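Morning, everyone. Let me put the structure up, and then we will walk through it.

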Amino acid sequence: MSQLAFFRPGYAAALKLHNFGRAMIIGQTNFLSSKKPAEKYSPHWNYACRSFSYGKSGEGEDEVEASVRDGRFMLTVFKKSKGSLAKVYCNTKQYNVDEFLMEEGPSNKRHLELSLYGVKQARDSEKHIGSIFIKIERTTMHKSIHAKNLSVDSSFFITPVKRLGVSGGTAPFFELVLKDPPINIVTEESLNSPTYYVGKDLSRARDELEFYELIHQLRKAEDFKEEIQDLATYFLDYAGVLNTKEAGDDAVSVLGNLELIVMQNLRDQKTKLRLLDLKIGHKTSAPGWQGKSAFASKQQDILDAMTNSKIEGFRLEGFDGMPKTLVSRNPLMDIHISSETLMKKSRRKSLQDMKGIDIFPYFTDLYDLTVENFQIEENLSREEYAEIVLNEIVKKLTSLMIVCQKQTTYQKWIGSSVALGFDSGALPARSKDEKEIRDQVIVKIFDWGRSTLNTPNRTKKLSVEEQTSHKWFWNSYTSGIQNLAWSAAHCYYHDYNSESWDELKITVFDFDGVSSCDILGYCTYPLVELDETITCDLTLGEDNNTRASQNSLGSISFRAKKTKYPEASRFKDGWSIQIIGAKGLQDKDMLDISDPYVKICVQSGRKSSSRVTTVKNNDLNPVWNEKFEFPTVKSKASLYNALQSANDDRMVSSYDVEDDLYHLCGDDYSKSFEKWKEKVLDNE
């Protein structure tokens, strides 16, 4: 055996689908080797690839490309291709699917043998070096794509359609505009907006189509139990598949034909959508599941272990409409790298590391939303709007948590996500019905690329091993939902459940994108209304009279003003804190100047609420002039009422509401999370 065999012993196979000029990997095995001479060069993978949609055309659009990689050559090829593994294939063969499946015969199964020939990395490029055996089976899993109830009549929409771009994954989206009057294509009910739907490119989302089709069919089936129906309310509406044409840049020319999955548009009627993409589960991959290779699954396991997935069972994969406070936290700020690719990767990693209680304060941060001639009698304030949004998020997430816990049919939703969103582009009018505001708050499950919809009948057909796997992954999924719901409730408790605030603490930090942020100093001040700007010296001691060193730590200037809310508001009053600026801050960066930001915290007993300013790059005398609201409430029952509503009013407190809520979600995670699950879930 070659001396390079230790790098990747054995052989691996990959299958790629070519369709209408596009290519998609549908299967990739792990490297398989054996010490037995008879099996050494005859690996038996028995690997199930991802299914794909096929319609008999006879025009040769679909081709399957089979490739085999020899691990002994990987190191050599890796060096020659300058870091790219794209040329690792040692032999490749393509075959037309039409020719294969249109052969005469009663069976839908065909066994295909493709001859393999060496490429230039092998010793003899012309020599026949083996064969690969593939079984292709034609099933009816996508037959319903052509059924009437799943084929969307193009006359519903204005065509051709415009490309919108890619959101998160690789599949492009297309704008769909319903003709007047707009109606729901499935229920035929009237809609308020012509942009209720959006189109997703089917060629890049075939692995999701089966899930949408199955849920569509099961809604009317006896196998669609109530518990699955409750879960399905969190799915995006699906109307079917639309055959249409893509519009050119000039809106007159036509670029080509399209097949689109017609689904609910989360951006509909939103001035500016703020959306979180939270991937759920402690483990977000499984080898051999839905075309995932063992090697790719191992890579995903490493990512899970290095992010919040391992800790809380979810991680933040995307954040559309970030507030300025989060945008300013540039992970590469101190190393002065302008690479856009590296910036995206580092930004994504910083999001993936965020815990739930760190995510929600940014999610509800509306301080960069400007309103001309704002009148509090006419519009909700930023914090009033944020309170309604977060209250609804708590209610819907808690309800989802309870629905997931009740499932007796275990799902295997690997890598699926929960979308949380709302319109962050405008403050609602005070006269607007609160129900309308709450209805626009998004809590949806999506991204079904590696998921299946299990039913009681399907469960009976699974082996014991498969049922065990489904149960394990479902427990992992529900654990992530429980942690996410607790995080939202924890943030709501501290921000919107206090009847008074007594003390103000202002802390100045030096932002560091690759390590923990250094404290530059802090000051505390009793919350009393101030008619003038207050300047406090910063300290690192236990009180303002204690210094950590002889050197000055600088000073911070701020204003504090009492605020009032209209009689109809849930808020009684509150405090408006304006951070003006700081002077003479210490330089804590080794290679650069400090990048300061301020954390403003108000406290009352065991409750505290905090906000952060933007980060100022390389500035020891920063100026912010940023204002923040810290409201107090008329009643502390809003959070408890939300939890009661989510649980069908079955949560009966054994002690007063304040203590109950604190022990459920106000204390730190290690002390309150188990009580949270016990109280919210085990209440029958």
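Which residues does Phe-360 touch, not counting residues up to four places away in sequence? The answer is Leu-390, Ile-393, Leu-397, Leu-420, Leu-484, Ser-487, Ala-488 and Cys-491. Contact here means heavy atoms within 4.5 Å.

Some ground rules. This is a predicted model, where local features need pLDDT of at least 70, side-chain atom pairs count only at pLDDT 80 or more, and totals for chains, interfaces and linings use all residues. Residues are numbered from 1 along each chain as its sequence is written, and side-chain values use heavy atoms, with hydrogens and water left out.

Now the core. Phe-360 belongs to the largest nonpolar core, which has 97 residues. Phe-360, Ile-393, Leu-397, Trp-413, Val-418, Leu-420 and Trp-676 are the members that touch the most others. Helix α11, residues 382-406, supplies the largest share, 13 residues. By nonpolar core I mean a set of buried Ala, Val, Leu, Ile, Met, Phe, Trp, Tyr and Cys residues joined through side-chain atoms within 4.5 Å. Buried is under 20% relative accessible area, exposed is over 50%, and partly exposed is in between, with a 1.4 Å probe and protein chains only. Helices (H or I, at least four residues) and strands (E, at least two) are DSSP runs, numbered from the N terminus.

Next, helix packing. α11 packs against helix α15, residues 638-646, at an angle of about 35°, and the axes are 8 Å apart. Axes are lines fitted to C-alpha atoms, for helices over the stretch in contact, and angles run from 0 to 180 degrees between N-to-C directions. The crossing is right-handed: the near helix is turned clockwise from the far one by less than a right angle. From α11 come Asn-391, Val-394, Lys-395, Thr-398, Ser-399 and Ile-402. They meet Ser-638, Leu-639, Ala-642, Leu-643, Ser-645 and Ala-646 of α15.

How enclosed is α15 by the rest of the structure? Largely, because 7 of its 9 residues are buried. Those are Ser-638, Leu-639, Tyr-640, Ala-642, Leu-643, Gln-644 and Ala-646.

On to a sheet. This one is open, with 4 strands in the order β20-β19-β24-β25 and antiparallel pairing. Two strands pair if DSSP finds at least two bridges between them. The edges are β20 (518-526) and β25 (607-612), each pairing on one side only. On average, neighbouring strands are turned by 20° against each other, direction ignored. Inside the sheet, β19 (residues 503-510) and β24 (residues 596-604) run antiparallel and are joined by 8 bridges. Ile-506 stands opposite Ile-600 in β24.

Last, the backbone. Thr-159 and Pro-160 are joined by a cis peptide bond, omega about -5°. Pro-160 sits in the loop between β7 (151-152) and β8 (163-166). Another cis bond joins Asp-180 and Pro-181, with omega about -5°. Pro-181 is in the loop between β9 (172-175) and β10 (197-201).

Two asparagines have positive phi. Asn-373 has phi near 55°, and lies in the loop between α10 (356-363) and α11. At 72% relative accessibility, Asn-373 counts as exposed. Asn-618 has phi near 50°, in the loop between β25 and β26 (623-633). Asn-618 is partly exposed, at 27% relative accessible area.
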